[in-house]
Amino acid sequence: GTWLPYEGTVVDAPFGRFSEYFNTGEPGYDSYDRQQAMLTAIWRQDLADGWTLSNTFRWGRAHVREQMVYAYGYSGYSLTPTDPDNTLSRLVFAHDSLTTVLSNDLHVTGEFATGGVEHTLVAGLDLRRYELDQVQASAVGTPLSGSNPIYGAPQPAPVPYLDQVITQEQVGLYLQDQMRFGAGWLLTLNGRYDWVSTTSTTDAVTNVAGVDRSDREFSGRIGLSREIGAFTPYATLGTYFNPQIVANPAGDAIVPESGHQAEIGLRWQPDADSLFSIAAFDIRRENVSLDQYDWVSGNYYYYQIGEIRSRGVELEYRGRLSDSLTLEASATLLDAEILADLNAAIVGNTPLAVAENQASLMLSWEPASVEGLTLTGGLRYTGASWVDNENTARVPGRTLVDLGARYDFEGGWSANLFVTNLLDRDYVASCNTAYWCYQGEGRNVSLTLTRSF
C-alpha cells in the first residue's frame, strides 16, 4: 500500500478509503533486481609502549535494476477523485544503477599520561571513493480505477531523462583525545577536516554539463562529564559536514548539508541493574536536500531547506524490576521547526514526515520454572506528522503492540520468535506531500535461529 493520495488513505474520500494492500502498480510489470557484494579486510599491529596501528579496508559493489508503475493522485493529477470510478493517474519509472564504494581507514591508538591526566589518543586518515553510474527513465503510465482496478494494460516504454556517472572522493584527517582526570572527570575532544571532490559527467540525454565542485570543512566535538557517585551529568557540543550526491541539472547548486548539536544530560545508575537517563538537545541542520518529481517535465528536481531546528527531551530507563522482570522504557518529546528558507511561507512550520512525540515500553519475563525462556511484550507509540512542509494536513499517530519469545538451548543455540504489530493495525506511516502516502507495515512474524561459538 504505497503511493496513495491523502484523501482516500488518511481521510475518507467519497468512496471511503483504499484497502490496506491496494496496489497502484502493475504486478506483471513491476520488478526489482539487486546484486551486491562487499569485502572487508582488517589489519592490526601492536607498536611499542601500548600504541596500536589499525587499518580497515572496504570494497562494495551494488547493481540495482528496477521498473515500476505508481500513482500520482487521481485523474488529471488531482488530489481528490474526479470521476465516479475514482481513477488514478500513474507514472512509469525505471533505473539501472551501478554503485561502487572504496574506503580505507588507517588510524593509530595509544594511551599515555601527562601529569594527572590519562589520555586515550586516536589519530587517523580516512579515504573514500564513491561512484554511481546511473540511467533514470520515466513515462506517463496508463490510468487505474481506484474502485475496480484491472491490471495488465501495456505500459509505455520509459524514456531516459538522466544518464551520467557521479563520482565523489573524500579525504579526512581526524584526531581525538579522551582525557580522564580529577575525581571522575572525562573530557573528550575530537576534530576532523575533510576535502571532498564531487564530479559528474555530462548528461548523455540532455547534454547538460555535470557537477564539478570542491568542498572542505572542519567538524568537531567536545564532551565533558563527571561521575558523582551514582550520577553522571554531561554536556556535548558538536558539528557535522555531509556533502551531497545528487543528480541535479543545476550542477553546483546543491551545497553540503552542515549543522551542529548541543546536548546536556544526566545519567543515574542506582545499582548494577538499573539506569535512568535524561537529555535535552538542540540540533541545527542547514541546507537539507529534498527531491520532488515534476510530472510536467518528467524529471526529479532537487531543492534545499535553509535551516531546520530540532530540540527536545529524551527520557530512558533500563533495569530489572525483580529477578525475572526487566523493563525498558523511553520517550522523546521533540519540537522541529523550519527556521530559514527561500520559501517564506514554510518558515516556522514543522518539516514533513517528522513525528514529534515517540515512546516505547518493553517488558521481559524470564520464568524461573523454564530455564532459558524469555517472554517479551511491549508498546510503541509514534505521534502525528505533517504531509508537507506547508503543514496543510496531518497523519495521525498510532500505538502498536509487539510480542516475542526467546529460548536459549544448550550448545550455544537460541531461537527468537518476534511479532511486530501483533494486532495487525491498519495505519498510515507517513506522507510525502498529499500525493504520496504510505501504509504502515502490518503484522510481521519473524523467527531467528542463532548459534554462538
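Glutamate 118 is found in strand S4, residues 117–140; strands (E, at least two residues) are DSSP runs, numbered from the N terminus. The structure is a predicted model, in which local features need pLDDT of at least 70 and side-chain atom pairs count only at pLDDT 80 or more, while totals for chains, interfaces and linings use all residues. Residues are numbered from 1 along each chain as its sequence is written, and side-chain values use heavy atoms, with hydrogens and water left out.

Glutamate 118 and arginine 180 are 62 residues apart along the chain, yet 5.1 Å separates their C-alpha atoms. Leaving aside residues up to four places away in sequence, glutamate 118 touches Phe112, Ala113, Gln178, Met179 and Arg180; contact means heavy atoms within 4.5 Å.

## Aromatic pairs

There are 17 aromatic pairs in the structure. Rings of Phe, Tyr and Trp (its six-membered ring) pair if their centres lie within 6.5 Å; planes under 30 degrees apart count as stacked, over 60 as edge-to-face and the rest as tilted. The pair of tryptophan 3 and tyrosine 438 is edge-to-face, because the ring centres are 5.7 Å apart and the planes stand at 75 degrees. Tryptophan 3 lies in the segment before S1 and tyrosine 438 in strand S21 (residues 436–439), so this pair ties together parts that are 435 residues apart in sequence. Tryptophan 3 counts as buried at 19% relative accessibility, where buried means under 20% relative accessible area, exposed over 50%, and partly exposed in between (1.4 Å probe, protein chains only).

Phenylalanine 18 and tyrosine 74 form a stacked pair, with 6.4 Å from centre to centre and 20 degrees between the planes. Phenylalanine 18 lies in the segment before S1 and tyrosine 74 in strand S2, so the pair ties together parts that are 56 residues apart in sequence. Phenylalanine 18 is buried at 6% relative accessibility, and tyrosine 74 is buried at 0%.

## The nonpolar core

A nonpolar core is a set of buried Ala, Val, Leu, Ile, Met, Phe, Trp, Tyr and Cys residues joined through side-chain atoms within 4.5 Å. The largest such core has ten residues, including Trp3, Met68, Tyr70 and Trp436. Strands S2 (52–74), S3 (87–114) and S6 (159–181) are the elements that give two or more residues to this core. S2 gives the most, with three residues. Apart from this core lies another, of nine residues, among them Tyr6, Val428, Cys431 and Ala434.

Methods. Helices (H or I, at least four residues) and strands (E, at least two) are DSSP runs, numbered from the N terminus.
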